[in-house]
Amino acid sequence: MHVQSLFPKHQTNIPLKQLYLPLCLHQEAKAGDVLIYSNYIASLDGRIALRDGQTNEFSVPASIGNKRDWRLYQELAAQADVMITSARYFRQLDQGCAQDLLPVGQEPDYADLAVWRAEEGLKLQPDIVIVSASLDIPLAAIQSLQDRRIWVLTVQGADATRCKQLEDVGVSVVQLSAVKVQGKALRDFLIEQGYRSAYMIAGPAIHHTLLADGVLNRLFLTTHFSLLGQNDFHTILQGDMAPVMTELRSLYLDNNGKQMFAQYDIKENK
Ligand SMILES: NC(=O)c1ccc[n+]([C@@H]2O[C@H](COP(=O)([O-])OP(=O)(O)OC[C@H]3O[C@@H](n4cnc5c(N)ncnc54)[C@H](OP(=O)(O)O)[C@@H]3O)[C@@H](O)[C@H]2O)c1
């Protein structure tokens with residue numbers, strides 16, 4: 001598996017394996033700060049998820065999900081102290097329709113990532129922060145994840161019984177004094193906990209929460225060269241906000257000719 005670098009310099013036949021690992025994202029934030037990064041795979045027409053006619057749920061279309069991109073998804077997770085996600089993943093896990101187990105994968109294909117984390121002094125697995133107002137998080141799915149610390153960041157007025165049930169299964173629930181979790185509050189929380197790298201793996205709503213508050217630092221975007229159409233879909237971002245500028249940091253063309261891997265710095269809102 002190889003890729004070509006198109007930017008910043010042209011280079012052919014670079015191994016895909018360990019393409020992103022040398023970024024060392026866990027070392028990038030200054031002391032007392034955190035680097036927050038997101039990652040998506042999208043079709044040429046911008047779809048990251050389509051509604052499944054049978055389950056009525058949104059999911060990543062099988063026509064774009066692929067192992068080569070998944071390898072990079074895993075490499076980004078390997079560099080994370082913590083991953084930020086939504087309750088949706090746990091609901092899908094509970095219904096047996098999650099795309100995969102949360103990274104970092106335990107399969108032989110990702111064994112190098114576990115070794116790398118240990119060498120870098122990182123915990124076996126990144127911790128998890130779930131952002132949720134409803135607290136509709138199946139307890140069984142939470143209990144199945146015993147290998148990492150799980151936080152839930154929730155809002156003012158969150159259901160007290162539900163908070164207690166989550167705490168009883170070992171989740172640390174943090175209730176913020178606002179009706180929505182704000183990006184700045186999330187970032188402050190990560191810094192308070194000493195996290196230096198945070199990988200956001202949720203969808204467009206949490207992406208908006210981060211981008212609207214100017215706290216996302218880096219976007220990784222795989223563009224799969226397919227056109228999917230459909231009327232019911234998600235893109236990487238939804239919701240009103242001021243424009244956010246980005247700057248291309250790297251661009252690779254996959255040698256299979258089916259996708260490209262881009263990395264953008266998010267510029268500060270002016
Ligand atoms: N192709 C890709 O690379 C890719 C990557 C990620 C996701 N996806 C797809 O995108 C779709 C949507 O993903 P998603 O549901 O995880 O993401 P999302 O749209 O970011 O998350 C939605 C949920 O997060 C909670 N939430 C978001 N912002 C909040 C805030 N400011 N305060 C409190 N709670 C907040 C709410 O949860 P509660 O309802 O619990 O309150 C909300 O229902 C899925 O189909 C997924 O497969 C695709």
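A polar contact is a pair of N or O atoms within 3.5 Å; within protein, one must be able to donate a hydrogen and the other to accept it, and residues adjacent in sequence count only if both atoms are side-chain atoms. The model is predicted, so local features need pLDDT of at least 70 and side-chain atom pairs count only at pLDDT 80 or more, while totals for chains, interfaces and linings use all residues. Residues are numbered from 1 along each chain as its sequence is written, and side-chain values use heavy atoms, with hydrogens and water left out.

**The ligand site**

| Residue | Atom of the residue | Atom of the ligand | Distance |
|---|---|---|---|
| Isoleucine 41 | polar backbone atom | oxygen | 2.8 Å |
| Isoleucine 206 | backbone N or O atom | oxygen | 2.8 Å |
| Threonine 209 | side-chain N or O atom | nitrogen | 3.1 Å |

Taken alone, the ligand exposes 910 Å², and the protein buries 84% of that area (Shrake-Rupley method with a 1.4 Å probe; for residues, only the protein chains shown count as cover). Helices (H or I, at least four residues) and strands (E, at least two) are DSSP runs, numbered from the N terminus. H7 contributes the largest share, four residues.

In total, 24 residues surround the ligand, the closest being Ile41, Ser86, Ser132, Ala133 and Ile206; a residue is near a molecule or strand if one of its heavy atoms lies within 4 Å of it. The shell consists of 15 nonpolar, seven polar and two charged residues. Here Ala, Val, Leu, Ile, Met, Phe, Trp, Tyr, Cys and Pro count as nonpolar, Asp, Glu, Lys and Arg as charged, and the others, Gly among them, as polar.

**Cavity and pocket**

A search of the whole structure finds one cavity of 30 Å³ or more. On a 1 Å grid over the protein atoms alone, a cavity is a set of points where a 1.4 Å probe fits but cannot get out, and a pocket is an open set with protein on both sides within 12 Å along at least five of seven lines; lining residues have an atom within 4 Å of a point. The largest cavity holds about 30 Å³ of space, and H1 gives the most to its lining, with four residues.

The second largest pocket holds about 580 Å³. Its lining comprises 23 residues, of which Gly214, Leu216, Asn217, Ile266 and Glu268 lie nearest the centre. By class, this lining has nine nonpolar, three polar and eleven charged residues.

**Strand pairing**

Two strands pair if DSSP finds at least two bridges between them. Three strands form an open sheet in the order S5-S4-S12, with antiparallel pairing. Strand S5 (58-59) and strand S12 (233-234) stand at the edges with a single partner strand each, so one side of each is left without a neighbour in the sheet. Between S4 (residues 49-51) and S5 there are two bridges, and arginine 51 stands opposite phenylalanine 58 in S5.

Elsewhere, strand S1 (residues 2-7) pairs with strand S2 (residues 11-15) in the antiparallel sense over three bridges. These two strands form a hairpin with three residues between them, and valine 3 stands opposite isoleucine 14 in S2. S1 also pairs in the antiparallel sense with strand S13 (residues 246-254), over four bridges.

Key
Grid points are joined across faces, edges and corners, and a volume is the space filled by probe spheres set on the points.
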